Amino acid sequence: MPEEMQDKVVIVTGGARGLGAAAARRMARDGARIVVTDVLEEPGEETAAQVGGLFVRHDVTDRDGWAAVAAAALEEYGRIDGLVNNAGVSSNALLENETLEYFEKVMRINLTGVFLGLKAVIEPMKAVGGGSIVNVSSAAGLTALPLTSAYGASKWGVRGLTKIAATELGAHRIRVNSVHPGMTYTPMTAEVGAVPGEGGFPLAALGRVGLPEEIGEAVAFLISDAARYVTGAELAVDGGWTAGEVVMMAQAAAG
């Protein structure tokens, strides 16, 4: 994939750790120039140093902050070719117990942040004849998962916004796709008990949680020119989790 990624300038939000950092490292390995953004300054600077890129402290809910990120990328590298809208937070409460305040917080970060990111890069991408945007949704944006009223609603929104953006921006050669990770081993999921290795997640057909690097591979593919005829797509990288009914039926039959 190197020739399809070489010298592309890609902004990665939530790039300090987890999926964002893995995607940044994967793209940098193939020659992309990375702008890492995050509210976590120290790990964000560390990731940027690892990939030889630029770090910008950035709250994705801040419209002016998005303008500053785009300006920094253009000042440092002269162009913007890609955006990975990865920053996000989770939720874990029954709908009846979820607070309005937290619901709105999740929506601001997970959905409004994606909306602002799209708007921030359209003109710079038009200026260079196109680009690629990957919005990180979730398996929770493909199916109904209990305890995710805020998170799930936001990720379904990301899925829909991706398709709308793809239809509107295709004429400008700007591709927009969504990636839908399943349970993936990151600092955030480790806090709720996720463990790597075989047998660690029997709900998935492959029987384990994913690794950030596996999500990073999918993101890198969609950003690269290898996916130049792919837009408006939703790529599940979930070990077969969203084939849930089939998996559960198979497990029941095997039992």
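A: α2 and α8 (212-223) each supply at least two residues of the lining of the largest cavity. Helices here are DSSP runs (H or I, at least four residues) and strands too (E, at least two), numbered from the N terminus. One caveat: this is a predicted model, where local features need pLDDT of at least 70 and side-chain atom pairs count only at pLDDT 80 or more, while totals for chains, interfaces and linings use all residues. Residues are numbered from 1 along each chain as its sequence is written, and side-chain values use heavy atoms, with hydrogens and water left out.

Q: Which helix gives the largest share of that cavity lining?
A: That's α2, with 3 residues.

Q: And which residues line the largest cavity?
A: Val12, Leu19, Gly20, Ala23, Val84, Asn86, Val136, Ile215 and Val219. By class that's 7 nonpolar, 2 polar and no charged residues. Ala, Val, Leu, Ile, Met, Phe, Trp, Tyr, Cys and Pro count as nonpolar, Asp, Glu, Lys and Arg as charged, and the others, Gly among them, as polar.

Q: How much space lies in the largest cavity?
A: About 30 Å³. The search of the whole structure finds 1 cavity of 30 Å³ or more.

Q: What counts as a cavity or a pocket?
A: It's done on a 1 Å grid over the protein atoms alone: a cavity is a set of points where a 1.4 Å probe fits but cannot get out, and a pocket is an open set with protein on both sides within 12 Å along at least five of seven lines. Lining residues have an atom within 4 Å of a point. Points are joined across faces, edges and corners, and a volume is the space filled by probe spheres set on them.

Q: OK, pockets then. What volume does the largest pocket have?
A: About 1,300 Å³. It has 46 lining residues, and Val89, Ser90, Tyr151, Met188 and Thr189 lie nearest its centre.

Q: Which helices supply at least two residues each to that lining?
A: α2 (18-29), α5 (100-127), α6 (149-169) and α7 (187-190). The largest share, 3 residues, comes from α7. The lining of the largest pocket splits into 25 nonpolar, 17 polar and 4 charged residues.

Q: What about the second largest pocket, what's its volume?
A: About 270 Å³. It is lined by 15 residues, with Gly131, Arg173, Ile174, Arg175 and Arg228 the closest to its centre. β5 (131-136) and β6 (174-181) each supply at least two of the lining residues. By class there are 4 nonpolar, 5 polar and 6 charged residues.

Q: Switching to packing: at what angle do α5 and α6 cross?
A: Roughly 15 degrees, with their axes coming within 8 Å. Axes are lines fitted to C-alpha atoms, for helices over the stretch in contact, and angles run from 0 to 180 degrees between N-to-C directions. α5 and α6 are therefore roughly parallel to each other, a label for angles under 35 degrees.

Q: Which residues meet there?
A: Quite a list, including Phe103, Val106 and Met107 in α5, and Ser149, Ala150 and Tyr151 in α6. Contact means heavy atoms within 4.5 Å. By class, the α5 contact with α6 has 15 nonpolar, 4 polar and 1 charged residues.

Q: And how far apart are the axes of α2 and α3?
A: 9 Å, and α2 packs on α3 (residues 41-51) at about 15 degrees. That makes α2 roughly parallel to α3. Ala21, Ala24, Arg25 and Ala28 in α2 meet Thr47, Gln50 and Val51 in α3.

Technical notes: Angles under 35 degrees count as roughly parallel, over 145 as roughly antiparallel, 65 to 115 as roughly perpendicular and the rest as oblique.
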